[in-house]
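Hi,

Here is the structure I promised to pass on.

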Amino acid sequence: MRDLTTGYVHSTESFGSVDGPGIRFIAFMQGCRMRCEFCHNPDTWNMGGGTPYTADELLEEALAYREYWGEKGGITISGGEPLLHIDFLIELFKKAQAEGVHTTLDTCGQPFTYDDPFFSRFEELMKYTDLLLFDIKHIDDEKHKKLTMMSNKNILNMARYLSDIKKPVWIRHVLVPERSDVDEDLVRLDKFIKSLGNVLKVEILPYHKLGVYKYAALNIPYKLEHIEPPTAERVENAKRLLHVDEYTLHQTV
């Protein structure tokens with residue numbers, strides 16, 4: 001049985017500039033239950049892979065780059081789905097904050113539940129989490145199931161909970177033609193986001209095909225072979241419908 005304080009890391013990035021404020025050390029955790037049709041990292045799905053790290057080992061590796069972070073940078077834990085390693089995250093973020101390091105969690109929220117033991121552990125993790133990058137794949141539950149093979153009900157519950165506790169979030173939405181790039185769905189998503197009181201930033205992430213070669217290598221059928229990335233006009237349309245420019249970004253959260 002795996003040590004609960006051991007995290008399994010797919011890969012790391014030393015100088016990330018798009019996954020949270022400032023320059024960041026990013027660890028991509030192994031394992032994800034979702035099967036997003038557009039996922040560009042299917043090699044992170046398997047929980048059995050990755051390199052084992054203790055919290056001390058990963059923090060030590062990250063701190064080697066601290067001089068590059070400035071006042072705004074820090075550590076971002078992404079995936080896969082990092083909440084599948086929640087006990088590891090608690091230990092890592094607690095120790096990081098004790099060192100004065102800004103902590104960011106990049107999650108799709110799929111493991112979220114109000115049931116214990118998860119919820120009490122999640123409450124503990126939030127004590128040591130400065131910011132969440134929160135991916136909402138689709139606002140419509142049935143379309144979410146088609147896109148990811150999972151419901152979005154608990155994900156939207158998590159978004160509500162984060163708003164209730166006033167935990168800062170950046171909302172991210174992958175724009176996929178024929179899937180999530182539908183005006184009426186974007187309007188619904190905008191209404192939902194507007195109902196939250198903790199959103200500092202909304203980002204549109206245009207769908208791309210950079211990870212298609214991994215599907216061939218893993219012998220996994222790629223379902224979006226016929227879909228091309230959205231045009232610049234559709235990206236701008238999504239930004240307008242989600243009122244991206246209206247959000248004030250506070251980089252120091």
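Let me start in helix α8, where glutamate 236 and lysine 239 sit three residues apart, which means about one helical turn separates them. (Helices are DSSP runs of H or I with at least four residues, strands are runs of E with at least two, and both are numbered from the N terminus.) An α-helix has 3.6 residues a turn, so residues three or four places apart point the same way. The side chains of glutamate 236 and lysine 239 meet in a salt bridge, 3.7 Å from N to O; the term means a side-chain nitrogen of Lys or Arg within 4 Å of a carboxyl oxygen of Asp or Glu. Glutamate 236 is partly exposed at 47% relative accessibility, and lysine 239 is partly exposed too, at 32%. For those labels, buried is under 20% relative accessible area, exposed is over 50%, and partly exposed is in between (1.4 Å probe, protein chains only).

Before you dig in, some housekeeping. This is a predicted model, so local features need pLDDT of at least 70 and side-chain atom pairs count only at pLDDT 80 or more, while totals for chains, interfaces and linings use all residues. Residues are numbered from 1 along each chain as its sequence is written, and side-chain values use heavy atoms, with hydrogens and water left out.

Back to the charges. The salt bridge count comes to 22. One of them pairs lysine 143 with aspartate 185 at 2.8 Å, N to O. Lysine 143 is in helix α4 (residues 141–148) and aspartate 185 in helix α6 (residues 183–194), so this contact ties together parts that are 42 residues apart in sequence. The lysine 143 end is partly exposed at 32%, whereas aspartate 185 is buried at 4%.

Aspartate 181 and arginine 234 form another salt bridge, also listed at 2.8 Å, N to O. Aspartate 181 belongs to the loop between β7 (169–175) and α6, and arginine 234 to helix α8 (residues 232–241), so the pair links parts 53 residues apart in sequence. Here aspartate 181 is buried at 11% and arginine 234 is partly exposed at 27%.

Next, the strands. All six residues of β2 (residues 24–29) are buried: Arg24, Ile26 and Phe28 point one way, and Phe25, Ala27 and Met29 the other. On pairing (two strands pair if DSSP finds at least two bridges between them), β2 runs antiparallel to β1 (residues 6–16), with five bridges joining them. Glutamate 13 has isoleucine 26 as its bridge partner in β2. Five bridges also join β2 to β4 (residues 74–78), this time in parallel, and alanine 27 is partnered there by isoleucine 77.

The bond joining glycine 79 and glycine 80 is cis, with omega about 10 degrees, and glycine 80 is in the loop between β4 and α2. Aspartate 116 to proline 117 is cis as well, with omega near 15 degrees. Methionine 149 has a positive phi near 70 degrees; this residue is in the loop between α4 and α5 (153–164) and is exposed at 56%. Glutamate 178, in the loop between β7 and α6, has a positive phi of about 70 degrees and is exposed, with a relative accessible area of 56%.

Cheers
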